[in-house]
Amino acid sequence: VGRREDELHRVARLLEERNRELDAFAGRVAHDIRGPLTAITLAMKPLESKVPEGDRSLEILRRGAKTMGALIDDLLALARTNAEVPGWCDPSHVARAVEDEMGPRLGAVGGKLLVTVAPAGVACTEGLLRQALVNLVENALKYRRPEAAPVVQLSGAPRADGVGYELGVTDNGVGMAPEEIQHATEPFYR
């Protein structure tokens, strides 16, 4: 049993090391790709005056560059997520920051962001929690129903049993098909 436990610990350490290496690689690749993408984006500016009326080539290039930029951001976020050491933060403070950032964007389309998040100390980095909440609110804005103004609610409180904290994000958007839900937390799933 002792040898088996030692072997499991050795394999777990090796796996952690490989994950750190993979995260570092993902971060390097994302940074290395951003440079050429910036050059491509800047090179498109002078072409604007030379593209014939009605030619959608530049629009396609812009959309592709924007998509690639989003993928790079996702790759960097994934690398940071796995590399950051969890700390402590107050979810109510993070929720207020998200409200300040995203509230006006929802208001611009007639929507609302409702925040009822109780203060507490939770084991999480503030930056990662903010990123997760912003992503969810942006998705609610992006995938809203055309016939209804978007309403997004951030709610959170310590659990009734005193163990943990429950933080939820709900919206009145189009929702997800049951077969998509199982993939919702996979990296890069759209």
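Guide: What follows is a chat about labels and the values behind them.

Guide: This is a predicted model, in which local features need pLDDT of at least 70 and side-chain atom pairs count only at pLDDT 80 or more, while totals for chains, interfaces and linings use all residues. Residues are numbered from 1 along each chain as its sequence is written, and side-chain values use heavy atoms, with hydrogens and water left out.

Visitor: Let's start with helix H1; how do you know what span is expected for its 46 residues?

Guide: The expected span of a helix is 1.5 Å times one less than its number of residues. For H1 that gives 68 Å, and the helix reaches 68 Å from its first C-alpha to its last, close to what is expected. Helices here are DSSP runs of H or I with at least four residues, strands are E runs of at least two, and both are numbered from the N terminus.

Visitor: Which residues of H1 are called buried?

Guide: They are Asp23, Ala26, Gly27, Ala30, Leu37 and Met44. Buried means under 20% relative accessible area, exposed means over 50%, and partly exposed is in between (1.4 Å probe, protein chains only).

Visitor: What makes Arg10 and Glu7 a salt bridge?

Guide: The label needs a side-chain nitrogen of Lys or Arg within 4 Å of a carboxyl oxygen of Asp or Glu. Arg10 and Glu7 meet at 2.8 Å, N to O, so the pair qualifies. Both sit in helix H1 (residues 2–47), 3 residues apart, about one turn of the helix. Arg10 has a relative accessible area of 41%, so it counts as partly exposed, and Glu7, at 34%, is therefore partly exposed too.

Visitor: Why can such side chains pair at all?

Guide: Side chains of opposite charge can pair when their charged atoms come close.

Visitor: How many salt bridges does a search of the whole structure find?

Guide: The search finds 8. One of them joins Arg159 and Asp161 at 2.6 Å, N to O. Arg159 is partly exposed at 35%, and Asp161 is partly exposed at 48%.

Visitor: And what makes Arg56 and Glu59 a salt bridge?

Guide: Their N to O distance is 3.8 Å, which is within the 4 Å limit, so the name applies. Arg56 is partly exposed with a relative accessible area of 47%, and Glu59 is partly exposed with 38%. Arg56, Glu59 and Arg63 are also linked in a network of salt bridges.

Visitor: Now the inside: which residues have the most contacts in the largest nonpolar core?

Guide: Val98, Leu113, Val137 and Leu154 do, in a core of 18 residues. Helix H3 (91–107), strand S2 (112–117), helix H4 (126–142) and strand S4 (151–158) each supply at least two of its residues. The largest share, 6 residues, comes from H4. Apart from this core lies another, of 9 residues, among them Ala26, Leu37, Ile72 and Leu76.

Visitor: What makes a set of residues a nonpolar core?

Guide: The members are buried Ala, Val, Leu, Ile, Met, Phe, Trp, Tyr and Cys residues joined through side-chain atoms within 4.5 Å. In soluble globular proteins, nonpolar side chains tend to be buried together.

Visitor: What does Val98 contact, leaving aside neighbours within four places in sequence?

Guide: Contact means heavy atoms within 4.5 Å. Val98 is in contact with Gly103, Leu113, Arg130, Leu133, Val134, Val137 and Leu154.

Visitor: In helix H4, is Ala140 buried or exposed?

Guide: Ala140 is buried, with a relative accessible area of 4%. Leaving aside neighbours within four places in sequence, Ala140 contacts Val152 and Asp171.

Visitor: How do you know that Glu126 is partly exposed?

Guide: Its relative accessible area is 38%, which falls between 20% and 50%, so Glu126 is partly exposed. Glu126 also lies in helix H4.

Visitor: Last one: why is Ile181 called exposed?

Guide: Ile181 has a relative accessible area of 51%, and that is over 50%, so it counts as exposed. Ile181 lies in helix H5 (residues 178–181).
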